[in-house]
Structure formats: structure tokens, C-alpha cells
Amino acid sequence: MKEFEVAYPIRQIPSEEELRKAAARAMGVSPAKVAESRVVRRSLDARGEILYRYRIAASTTDEPALEEYILPEYQYVENAEPVVVIGGGPAGMFASLRLLMEGRKPVILERGKDVHARKRDIGALSQNGALDPDSNFCFGEGGAGTFSDGKLFTRSNKRGDIREVLHQLVAFGADPSILVDAHPHIGSDRLPAIVENIRKCIVEHGGEYHFETRAVDFKLHDEGNLKRWDVICAGGETYSARSVILAAGHSSKEIYRLFDSKGWPLEAKGFALGVRAEHPQSLINNIRYHGKYQPWMPAAEYSLVTQAQGRGVFSFCMCPGGILVPSATAPGEVVLNGMSNSDRSSRWANAGIVCQVEPGDVPDYDRYGVFALLEFQSEVERRMYSFSSSIKAPAQRMLDFCRKATSAGLPPTSYHPGAVSAPLHELLPEFVYSRLREAFPAFNRTMKGFYTNDALLLACESRTSSPVRIPRNPETMSCIDLPGLYPCGEGAGYAGGIVSSAVDGILAAAAATA
Ligand SMILES: Cc1cc2nc3c(=O)[nH]c(=O)nc-3n(C[C@H](O)[C@H](O)[C@H](O)COP(=O)(O)OP(=O)(O)OC[C@H]3O[C@@H](n4cnc5c(N)ncnc54)[C@H](O)[C@@H]3O)c2cc1C
């Protein structure tokens, strides 16, 4: 077996015959000796001529066949031992699928609604600011990943095998290109159907889904070797199991409060805070494709990072051809995030531009102990709401922001609730502002044209990751001194995106069934 790279102009999709000939050349054999040649990775290269670079795996007729990834089968589990899974986001869904593979019955408790009802709620939120604290851009079937860009960032297998995630996504309806693309994404128009297919599979195999079911308390019954957890829900129902997978996401603050009230361990953890920057997509295309953009090319992406005053400032969750959405989970907060459809065809490019915040950066909040950063995060989100008295986003043009000048007029924005001109240089914490101010001109050195008053900054981008971690035993993956309770995904502080949360959910399910 040999892996090698070939490059073709962006519009020239190589035929099987071309790949066979390329493999023959790379392996020094005749084309007839090539048994198989398969694309394993595809990445766009716009540095000079615009190309796709293909990584090809090939074998000769004398060698064993190339390895096929085979998904383990799901078992029928209606009468099998249950595992309660709190949260139906990527961590909870993929944990549940793994439970089916292991012959255990997932019982999923999800505070939000199914994906169809949820669509109506986020429509109402975007149109008239009506926030349902249980059904919004973070909460509901599929979790925070459902109405997102569906970027599948993680290509690294460091924390677990991502093939189990990607191959299942394809089996449930994602385009197979996600298996090879260097920067795969699915899109908000496709994700709801995929999430629904996952639910149907779980239910058809005997698992249970309970929507509008919010877990509010946990009780451990410890009878010697027999340990059992009761999960008590807001409506009074109780679900019992020997193992509970806790995959409630980074916005389920009540879960952290519950842990604290019980004296269960929690740790403060850094997160990143800043703004969403929105440029016209045409401007980003022009920069990234060096003026050679054609309408049939993919909307250009970017990824930027710099150091400012000894701290990382970086772009986060960039959405080419996307829109900005209100992703707060409680009334009185303004939080922004980005999503896009599969064709990424909107007029705008947006990304979080954020500065790392560490425990210890906000001594005024020390009195909140482990919740110092959580309180700080909430306070900034509430400050933005207080400024606009609504979920309209306080906003400023990029150069005005750096000059500390309130913008006289704002450019159009994709953020449906709207934006209001605001002195973000005053509203953001000074140590965040001063670093962002240094970063924007620095980014212009890598992306000439990025630093422009045609770009709008909207605040705030604050839910980059959880500011609290639930520590777990590295060997058993369960909470310290709480056997059978498995915190996982972004809310537990061990993941930061759709794929990494899904992988962490799989690991939790594997640990729960070991
Ligand atoms: C608008 C937006 C765009 C994003 N875009 C991307 C992207 O393109 N790529 C990417 O990798 N990541 C993206 N993210 C982040 C990504 O969605 C998260 O990292 C990921 O969903 C975390 O998965 P999770 O399962 O750990 O938690 P979540 O997805 O947050 O799921 C947790 C679930 O638990 C439920 N829940 C919470 N508390 C309880 C309770 N007490 N009882 C019962 N249920 C409860 C919630 O309703 C939720 O459904 C985006 C996020 C948002 C908001």
C-alpha cells in the first residue's frame, strides 16, 4: 500500500482511470498491476493556481486490499439493561448509538423539543426575540450542533476514532465527501434530517427518547456492589439505571449549580470571549482567492491567530456564506454564533474573533469561587442586552472599534434581530478589548483587506466553550468518587465542537459498558 498526493485544477475531478495511472506512476508498476486507488483526503489550495490536492491510497494486485472501515452493528435493546443519557446533542446521540452497538438500552432525556418543533421556536426567537429557555439555538434535539454550520473540525484521532462519527453521519444522510474533505461541513439545511434519522434508528432498535424532560437532580443508591442512580426530572418523573451519561452541553448552568450544591467536584476552566466579525463574503473570496474567485467556487474560509499582550487572539467557528444567530439560553442575554446552509451561499462571512480568558483574569469575580468565569461570562452577555434592551446586538465597524469611535451608521447584517450602534470599546472588558484592538490590524498582515470599516463587529461571542469542567477519573471516565456517572462532551469541559463532543460521548458509552 502506498499513499501519495496529486493535484488537479479545482474544476477537474480526476477520473478513476486518471487515478489508476497516477497510482501506477507513484508505485512504479503498470496500470494493470494497480488493484485499487482511493481518495482519502481532499484539500483546497488557493495559494497560486486554485487546485484540489488529493491524497490517494493505492495497492497493487500483489498486496492485501486496502482497509475498509466497517461500522459495528446496532443491536435490538428494548429489554436490555438501560443507561440514562442526559442530553440529545452530539455527545448524547453518539453515546447512545455506541450503547446500541454494545447491546445496552439508551434512555435519552432531552430538555428541548424534537427538531421540527424546535425549528418553530428558533424562528420565533429570530423574528420577535421570544426566547424559550428549553428550546433555542443551544437546547433541543441534536443539541447546539443542529442549527450550526455543521463544520466537522476535528480530523485528529488523538482522543478517539473519529471514523465512527463520520461514517455514521454518512449512514444517516450526510454527504460522503465529509469522509475525505480537509474542512468538511454539513450545513443547517441538512443537519435536522440527519439528527431525526439518528433518533429513528435509536427508537427502532428499542432505545427511548423523552423530549421536554429536564434532569434536575441525581441520587445515588449505594447498596454495596449494587449501585443505582435515580435521575429526577422537572416534571417529577424518575429514570433509574446503574450508569448515567451526562452530556448536557456548555449552557446547562443548572447542572453545574446542582453539582456545587451537592459538594461534587468542579473546576474553573478558561474560555474565549470577544465579538463576531462579519464581512461581505465577496471581500473574503477576493482576498483568499487572490481576485480569481468564480461563483462556482466554494465560499472562502479563513483561520487567523495572533498573540496580543501575551495572550492568544484567534478566529473561532468561521462560517463562510453564513448568517449570525442569537444563541442565548436565558432571557436578558445577547450571545451570537454563526450557522450556514450546505451551499454556504449567503452574502456574508462571519467568525468569532476571541481572546482567551483564564481563571485569575477577573479578580473582581473571585468571590464566586469556581463560578468566577461563569459569572463573568453571564455579566458580559447581560451587559450587551442592557445596552440594546433587546436581543439586538451592540455593533461597531471594525476601524471605528480600533479608533474608539462609535459608528455613525452600520452596514447591513445577516443577524435577523438587528444591530444597534454601540461603543463596544467600552462595553467589552478592557483586557479583552485592548487585545482585540491589537489583533485586527495584525490579521491584516496575513489577510490584506481584512481590516476594513466594511466589516461589522457584533457582541458578544462568549459561548466558545464551558468556563467550568467536571473532573473525571481518567481511567474510568466517571465523576471523581461518583461511580456510574459519566460527564462528557462540551459541558463537561472535554470537547469543543460537534466531532470532539461526539467522540467523547462514544468514549463515555464505552466506559459505561466496560
Ligand atoms: C449556532 C452554533 C453554531 C455552531 N457551529 C459549530 C460548527 O460548525 N462546528 C462545530 O464543531 N461546532 C459548532 N458549534 C458548537 C457545537 O454545536 C457544540 O460543540 C456541540 O454541539 C457540543 O455537543 P454536546 O453534545 O457536548 O452538547 P450540546 O450540543 O450543547 O447538547 C447538550 C444537550 O443537552 C440538553 N440538556 C441540557 N441540560 C439538560 C438537562 N438538565 N436535562 C436534559 N437535557 C439537557 C440540551 O438541550 C442539549 O440538547 C456551534 C454551536 C452553535 C450554538
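Which residues have the most contacts inside the largest nonpolar core? In this predicted model, local features need pLDDT of at least 70 and side-chain atom pairs count only at pLDDT 80 or more, whereas totals for chains, interfaces and linings use all residues. Residues are numbered from 1 along each chain as its sequence is written, and side-chain values use heavy atoms, with hydrogens and water left out.

The largest nonpolar core has 79 residues, and those with the most contacts inside it are Val275, Ile353, Phe376, Phe401, Leu436, Phe440 and Phe450. A nonpolar core is a set of buried Ala, Val, Leu, Ile, Met, Phe, Trp, Tyr and Cys residues joined through side-chain atoms within 4.5 Å; buried means under 20% relative accessible area, exposed over 50%, and partly exposed in between (1.4 Å probe, protein chains only). Helix 11 (residues 430–446) gives the most to this core, with seven residues. Helices (H or I, at least four residues) and strands (E, at least two) are DSSP runs numbered from the N terminus. A second, separate core of 41 residues includes Val165, Ile245, Tyr486 and Ala509. In soluble globular proteins, nonpolar side chains tend to be buried together.

Not counting residues up to four places away in sequence, Val275 touches residues including Ile353, Leu436 and Phe440, where contact means heavy atoms within 4.5 Å. Phe314 is located in strand 14 (residues 311–319) and counts as partly exposed because its relative accessibility is 23%. The C-alpha atoms of Phe314 and Phe440 are separated by 9.9 Å, at 126 residues apart along the chain.

An open sheet of five strands has the order 6-5-4-10-22, with parallel pairing; two strands pair if DSSP finds at least two bridges between them. Strand 6 (208–210) and strand 22 (485–487) form the edges, each pairing on one side only. The twist averages 20° from one strand to the next. Strand 5 (residues 105–109) runs parallel to strand 6 and is joined to it by three bridges, with Leu109 having His210 as its bridge partner in strand 6. Helix 12 lies across strands 10 (243–246) and 22, at about 170° to strand 10; axes are lines fitted to C-alpha atoms, for helices over the stretch in contact, and angles run from 0 to 180 degrees between N-to-C directions.

Thr513 is placed in the segment after helix 12 (498–512) and is buried, with a relative accessible area of 18%. Its side chain reaches the backbone oxygen of Ala509 at 2.8 Å.

Terms used
A polar contact is a pair of N or O atoms within 3.5 Å; within protein, one must be able to donate a hydrogen and the other to accept it, and residues adjacent in sequence count only if both atoms are side-chain atoms.
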